[in-house]
Amino acid sequence: GVAISTYAKYCYNKLQKAALTGAKKGLKKPNIEEIRHAKNAVFNPSMFGSSLQDIITMQKERYPDRQLPWVQTRLSEEVLALNGDQTEGIFRVPGDIDEVNALKLQVDQWKIPTGLEDPHVPASLLKLWYRELEEPLIPHDFYEQCITHYENPEAAIAVVHSLPRINKMVLCYLIRFLQVFVQPANVAVTKMDVNNLAMVMAPNCLRCQSDDPRIIFENTRKEMSFIRVLIQHLDTSFMEGVL
């Protein structure tokens, strides 16, 4: 009883994303559960590849009072619960791709399986969630301001506070989370200082729309610097206890 156009639109969007990001990666063929999940995805949209607003709408029934995406906070909590802040190369070393794919399937069913042992797995999935957002965490309309003010803490912070509310909240939660990892005692173990964290996280927050390799190369440095400035200078104390 579903219009063909519903499937057509869904498949078209999937095809566009696959053209940009490539096929699903991993060593294993899709299992029965993954195939079943894919068949139902048109009726149960994924939290990956959706807009922030759509994700908040999706979780309204389960979590009507949450201001932040459940997937963001839950995966962040899991990274810390598995001592990610005491794990060398966290956010740089990828988790096992098949374990990440399996966790993604579970998360899309609103579950975090017990028995996870490797913090790199939820950390990799968390990065993937940010990277796959339909619109970048810092929307395209604000991109030029970010790379203009990449060395000016006051102006960079002003950009953050001018973002749409949901983008601002999600970004501030991310920055507050990363500020845990730049504590000297943690950096001594993880080897992930503020520069390294900014390097791995900037591509998940900002997307350069230019096709010119020179512009992309030049802007990559500015994107990293912008995120580094936020980790060092953004006051995220107002996010304490916000979920």
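View 1. C172 is buried, because its relative accessibility is 0%. Buried means under 20% relative accessible area, exposed means over 50%, and partly exposed lies in between (1.4 Å probe, protein chains only). C205 is buried too, with a relative accessible area of 1%. Which cysteine sulfur is closest to that of C205? The sulfur in C146 is, but at 9.6 Å it is too far for a bond. Across the whole structure, the search finds 0 disulfides. A disulfide here is a pair of cysteine sulfur atoms within 2.5 Å.

**Notes for every view.** This is a predicted model: local features need pLDDT of at least 70, side-chain atom pairs count only at pLDDT 80 or more, and totals for chains, interfaces and linings use all residues. Residues are numbered from 1 along each chain as its sequence is written, and side-chain values use heavy atoms, with hydrogens and water left out.

**View 2. The helical fold.** The protein has 12 helices and 0 strands. Along the sequence, the pattern reads α-α-α-α-α-α-α-α-α-α-α-α. Helices (H or I, at least four residues) and strands (E, at least two) are DSSP runs, numbered from the N terminus. Of the 243 residues, 44% count as buried.

View 3. N204 sits in helix α11. Is N204 buried or exposed? N204 is buried, with a relative accessible area of 4%. The C-alpha atoms of N204 and L137 are separated by 7.6 Å. Along the chain, these two residues are 67 residues apart.

View 4. R74 pairs with E78 in a salt bridge. The closest N and O atoms are 3.1 Å apart. A salt bridge is a side-chain nitrogen of Lys or Arg within 4 Å of a carboxyl oxygen of Asp or Glu. Both R74 and E78 lie in helix α4. They are 4 residues apart, about one turn of the helix. R74 is partly exposed, with a relative accessible area of 24%. E78 counts as buried, at 11% relative accessibility. The structure holds 5 salt bridges.

**View 5. A salt bridge between D212 and R214.** How far apart are the closest N and O atoms of D212 and R214? They are 3.2 Å apart, and the two residues form a salt bridge. D212 is partly exposed, with a relative accessible area of 22%. R214 counts as exposed, at 65% relative accessibility.

View 6. K222 forms a salt bridge with E218, and the closest N and O atoms are 4.0 Å apart. K222 and E218 are separated by about one helical turn, because they are 4 residues apart in helix α12 (residues 213–233). K222 counts as buried, at 18% relative accessibility. E218 counts as partly exposed, at 32%. Salt bridges that share partners join E218, R221 and K222 into one network.

**View 7. A patch of negative charge.** Which residues gather in a patch of negative charge on the surface? They are D54, E134, E135 and D141. Patches are made of residues with over 30% relative accessible area and no salt bridge: like charges are joined within 9 Å, nonpolar side chains (Val, Leu, Ile, Met, Phe, Trp, Tyr) within 5 Å. Lys and Arg count as positive and Asp and Glu as negative; His and the chain ends are not counted. The place of a charge is taken as NZ of Lys, CZ of Arg, CG of Asp or CD of Glu. Accessible areas come from the Shrake-Rupley method with a 1.4 Å probe; for residues, only the protein chains shown count as cover. D54 belongs to helix α3 (residues 52–59). At 39% relative accessibility, D54 is partly exposed.

**View 8. Positive phi at N83.** N83 is not a glycine, yet its phi is positive, about 60°. N83 lies in the loop between α4 (70–81) and α5 (97–107). N83 counts as partly exposed, at 47% relative accessibility.

**View 9. Positive phi at K191.** Where is K191 found? K191 is in the loop between α10 (184–190) and α11 (194–205). Its phi is near 60°, a positive value in a residue other than glycine. K191 is partly exposed, with a relative accessible area of 48%.
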